[in-house]
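Biologist: Could you take a close look at one strand for me and tell me what surrounds it? After that, I'd like a quick tour of a couple of other spots.

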Amino acid sequence: MEWLNYHHLLYFWTVAREGGLAPAGQVLRLSHSTLSAQIRALEQSLGEKLFTKVGRRLALTETGRLVYHYADEIFTLGLEMMDSIKGRSVGKPMRLQVGIVDVLPKLVVRKLLQPALCLPEPVRLVCYEDTHEKLLADLALHVLHVVISDAPVPPGSSVRAFNHLLGESDVSFFASHELNKSYARGFPQSLDGAPLLLPLENLVLRRSLNHWFDRHGIRPQVVAEFEDSALFKVFGADGLGIFPAPTVVKDKVMRQYGVELLGRAEDVRERFYAITVERRLTHPAIVAIASAARHDLFAEASTGKKKPRPR
């Protein structure tokens with residue numbers, strides 16, 4: 001059996017955590033050449049590259065991200081052991097590593113994840129944002145416990161994962177007070193020629209909206225398109241256009257951005273999924289997220305009142 005050299009792992013972990021050889025060298029009081037040699041030794045023992053050069057900086061490879069995940073657990077646990085031996089009160093929180101598809105509405109994500117932070121046992125929530133494809137790859141490497149997405153795993157995907165539908169919401173349109181006065185009457189036909197702020201053409205919500213516009217004979221004036229839904233809400237708050245958002249967070253949107261509800265497109269649906277490598281959810285925090293989404297958050301969106309929980 002070949003044993004892992006934990007000194008090498010510690011040096012790798014520090015370089016990855018500090019963001020480069022120079023800051024890690026200051027922390028460890030070691031030279032660049034010494035750190036480089038130790039990391040090369042670890043790569044040779046694992047048979048995989050852990051870092052790659054991106055311009056003038058080091059970036060973790062896929063294997064590097066996986067090794068970093070385990071190293072973080074190992075050394076965090078070691079620090080807690082030292083605290084415990086020294087008599088300090090330590091309650092190790094349950095860790096939940098969540099991948100969030102970068103186009104998801106942040107207000108919905110906030111509501112979805114809140115139940116994980118309300119469990120009797122403390123939870124350490126670690127969130128990553130990236131593309132659907134990249135997050136699924138990290139899920140397959142067990143870097144993530146769950147991916148929150150607006151689309152299921154595509155057919156034919158090389159990643160073996162399971163889709164757990166959290167719920168769905170229809171879509172509402174919001175506008176500043178001035179725009180609302182001009183376009184609220186006669187909705188949805190009033191949107192024909194109206195200034196709109198929309199998601200990019202390749203996004204799931206935009207495709208659904210385009211079909212809805214076609215069905216109603218609406219040709220809006222598209223003022224701007226965004227990948228990040230939070231950004232078009234900011235533009236909408238400044239009165240630059242009308243924008244869509246899930247009805248499930250309509251009250252929060254109106255309070256946070258100072259806008260008014262223009263109208264509701266009940267046949268445009270946004271779906272939200274928890275994607276895991278498990279067929280059946282077992283992680284307590286993910287179970288809490290799924291249960292609250294199905295029985296509270298999205299039940300309210302569809303009925304206007306909370307659905308009673310099963311006894």
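Predicted model: local features only at pLDDT ≥ 70, side-chain atom pairs only at ≥ 80, totals over all residues.

Modeller: What does E6 pair with? One partner is strand E10, residues 260–276, and the two run antiparallel over 13 bridges. To find your place along that pairing, look at His164, which sits opposite Ala274 in E10. The other partner to look at is strand E9, residues 243–246, also joined to E6 in the antiparallel sense, here by four bridges. On that side, Val171 faces Pro246 of E9. As background, side chains in a regular strand alternate between the two faces of the sheet.

Now for the arginine. Arg206 belongs to helix H8, residues 204–215. Its relative accessibility is 4%, so Arg206 counts as buried, the cut-off being under 20%. The side chain of Arg206 makes a polar contact of 2.7 Å with that of Glu225. Leaving aside residues up to four places away in sequence, Arg206 touches Leu198, Pro199, Leu200, Glu201, Val222 and Glu225.

Last, the surface. Leu4, Tyr6, Leu46, Tyr70 and Ile74 make up a nonpolar patch there, with about 450 Å² of accessible area together. One of them, Tyr6, lies in helix H1, residues 6–18. Tyr6 has a relative accessible area of 45%, so it is classed as partly exposed.

Key:
Residues numbered from 1 in each chain as written. Heavy atoms only, no water. Patch = residues over 30% accessible without salt bridge, like charges linked within 9 Å, V, L, I, M, F, W, Y side chains within 5 Å. Areas by Shrake-Rupley, 256 points an atom, 1.4 Å probe, with all protein chains shown as cover. Salt bridge = Lys/Arg side-chain N within 4 Å of Asp/Glu carboxyl O. Buried < 20%, exposed > 50% of the residue type's maximum accessible area, 1.4 Å probe, protein only. Polar contact = N/O pair within 3.5 Å; in protein donor to acceptor, adjacent residues only side chain to side chain. Contact = heavy atoms within 4.5 Å. Pairing = 2+ DSSP bridges.
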